[in-house]
Structures are given as structure tokens and as C-alpha cells.
Amino acid sequence: PLALDDTAQDIELGRLRARRRYRDIDDRTGRSRRLSSEAKGMRPLLVANWKMNPSSREEAQRMIAETERSAAAGCEVVLCPPFVFLDKASVILEGAKLGAQNCSYREEGPLTGEISPKMLKSFGVEYVIVGHSERRTSFGENDETVNQKVKAALRNGLTPILCIGESAGERDGGKTEEVLQGQLARGLEGTEGGVVVAYEPI
């Protein structure tokens with residue numbers, strides 16, 4: 001099972017990598033410098049995606065409690081445990097926000113194994129991850145499906161965390177900007193804000 005310390009280390013490493021990438025971009029273009037200046041006033045958002053961990057209810061309860069106690073001051077912390085632990089997390093969490101790892105773009109219906117945004121909302125979920133690289137590569141989700149999920153989340157009062165990112169091959173081929181612009185355009189089509197964008201290269 002994934003220990004809380006591992007999660008915290010992953011978050012910190014992600015922050016360091018993000019800072020390094022941002023500085024690299026900042027050094028190359030004036031536009032990025034202006035964006036960097038504007039971003040300084042934003043409150044950091046730390047999202048802990050537990051993926052398919054831990055393996056027991058007892059371990060999940062301990063990790064949720066530890067996350068609540070160690071939530072970083074000055075940051076908004078979002079905890080995204082597996083669906084089966086959302087109920088327990090909704091009871092324990094006070095300072096940290098509750099998020100989900102995925103949702104259906106349908107409100108209801110004969111869709112075995114799916115979880116609707118409306119169901120998530122009833123558990124106190126405020127954020128939901130959509131378009132994660134693992135959903136794209138392992139479950140065949142594409143930009144059209146991701147866009148439907150983004151809009152479904154917004155309709156139900158959830159904040160979607162839209163994941164975008166290029167593959168190693170696309171990066172090596174110099175297609176990073178093209179890929180990211182395409183994923184953003186298609187993922188945000190028909191929306192008017194209220195979406196968090198997370199850069200997550202594959």
C-alpha cells in the first residue's frame with residue numbers, strides 16, 4: 001500500500017519539477033514571464049491522487065487523518081482517494097478538500113461500474129480529475145470523451161481538473177506545444193471557465 005510519506009514526497013517532487021519546468025519556459029519567452037508574474041498571486045493547489053491505493057479501509061482511514069493534520073498552510077489541498085473511500089474521507093476531512101479520480105459524463109443510466117458527477121456531489125466531492133494519462137492510455141479515453149466529462153462536472157457544481165500532457169515520443173519529436181494546445185482546445189470546448197488545468201506529461 002502507498003504510505004502517506006510516499007504521497008507527500010511525490011507531491012513535493014512534483015512541485016520541484018514544476019518549478020524547474022516553469023523557470024525553463026520563463027527564460028525563453030517574454031510571454032511566459034508575464035504569465036509567471038500573474039501566477040504569483042494564485043493560491044497553490046496540491047492534489048493528492050491516491051490511484052488504486054491503499055488496499056484496506058483501515059489504512060485509508062489512517063492516511064486520510066494524516067493528510068488532514070498535515071495539510072500545508074497557504075495551499076489548497078485536494079485529496080482524491082479511490083471511490084470506495086470517499087464516504088470515510090467526507091466525514092474526516094475539514095481543512096482539505098475532497099476530490100474524485102474520475103467520473104462519467106452521463107448523469108444516470110445502465111452503465112455498469114460508472115460513477116456520475118451527481119453521485120460525487122452527494123458525497124461532498126468538490127473536485128474531479130478528468131483526462132488523466134492513465135485513463136487515456138489504459139482505457140482509451142480521448143479528447144472528446146474528456147470534454148464531455150469536463151462539462152458534466154461543471155453542470156453538477158464540481159471543479160474539473162483537466163489533465164493534459166504529451167508522450168515521450170511527441171516531446172522528442174518537438175510536438176509538445178502542438179499536442180498541449182490541441183488537448184486544451186478540445187478539452188475546454190464549450191466551457192467558460194471554472195476548470196483547473198494540470199500539466200502531466202506521459
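**Cysteines**

Is Cys 103 buried or exposed? I checked, and Cys 103 is buried, at a relative accessible area of 1%. Before going further, a reminder to myself: this is a predicted model.

Cys 80 was next, and it counts as buried too, at 0% relative accessibility. I then looked for disulfides across the whole structure and got zero. For Cys 80 I wanted to know why. The closest cysteine sulfur to that of Cys 80 belongs to Cys 163, and the two are 9.4 Å apart, so that is too far for a bond. The cut-off I was working with is 2.5 Å between the sulfur atoms.

**The cavity**

The largest cavity holds about 30 Å³. Sorted by class, I have five polar residues, three nonpolar and two charged around the largest cavity.

**The second largest pocket**

I moved on to open space. The second largest pocket takes in about 480 Å³. It has 18 lining residues, and the ones closest to its centre are Lys 51, Phe 83, Gln 101, Asn 102 and Arg 135. Which element gives the largest share of the lining? That is H6, with three residues. By class, the lining of this pocket splits into eight nonpolar, six polar and four charged.

**The loop between S1 and H3**

Lys 51 sits in the loop between S1 and H3. Its phi is near 55 degrees, a positive value in a residue that is not glycine. I flagged that because most residues other than glycine have a negative phi. Lys 51 is partly exposed, with 36% relative accessible area.

Pro 54 is in the loop between strand S1 (45-49) and H3 as well. The peptide bond that joins Asn 53 to Pro 54 is cis, with omega at about -5 degrees. I flagged this one too, since most peptide bonds are trans.

**Salt bridges**

How many salt bridges are there? My count came to 11. I went through a few of them.

Glu 66 and Arg 69: their side chains meet at 2.3 Å, N to O. Both residues belong to helix H3 (residues 57-69), and they are three residues apart, about one turn of the helix. Glu 66 is partly exposed at 25% relative accessibility, whereas Arg 69 is exposed at 59%.

Lys 97 and Glu 126: I get 3.9 Å, N to O, for this salt bridge. My cut-off is 4 Å. This pair links distant parts of the chain, 29 residues apart. Lys 97 is in strand S3 (residues 97-100), and Glu 126 is in the loop between helix H5 (117-122) and strand S4 (127-130). I have both down as partly exposed, Lys 97 at 27% and Glu 126 at 34%.

Arg 155 and Glu 107: the salt bridge here is 3.4 Å, N to O. Again the pair links distant parts of the chain, this time 48 residues apart. Arg 155 is in helix H7 (residues 143-155), while Glu 107 lies in the loop between S3 and H5. Arg 155 counts as exposed at 54% relative accessibility, and Glu 107 is partly exposed at 27%.

Last entry: I found Arg 135, Glu 141 and Lys 149 linked in a network of salt bridges. Arg 135 had already turned up in my notes, among the residues closest to the centre of the second largest pocket.

Methods:
Residues numbered from 1 in each chain as written. Predicted model: local features only at pLDDT ≥ 70, side-chain atom pairs only at ≥ 80, totals over all residues. Heavy atoms only, no water. 1 Å grid on protein atoms, 1.4 Å probe; cavity = no way out; pocket = protein on both sides within 12 Å on 5 of 7 lines; lining within 4 Å. Points joined across faces, edges and corners; volume = space filled by probe spheres on them. Nonpolar A, V, L, I, M, F, W, Y, C, P; charged D, E, K, R; others polar. Buried < 20%, exposed > 50% of the residue type's maximum accessible area, 1.4 Å probe, protein only. Helix = DSSP H or I, 4+ residues; strand = E, 2+ residues; numbered from the N terminus.
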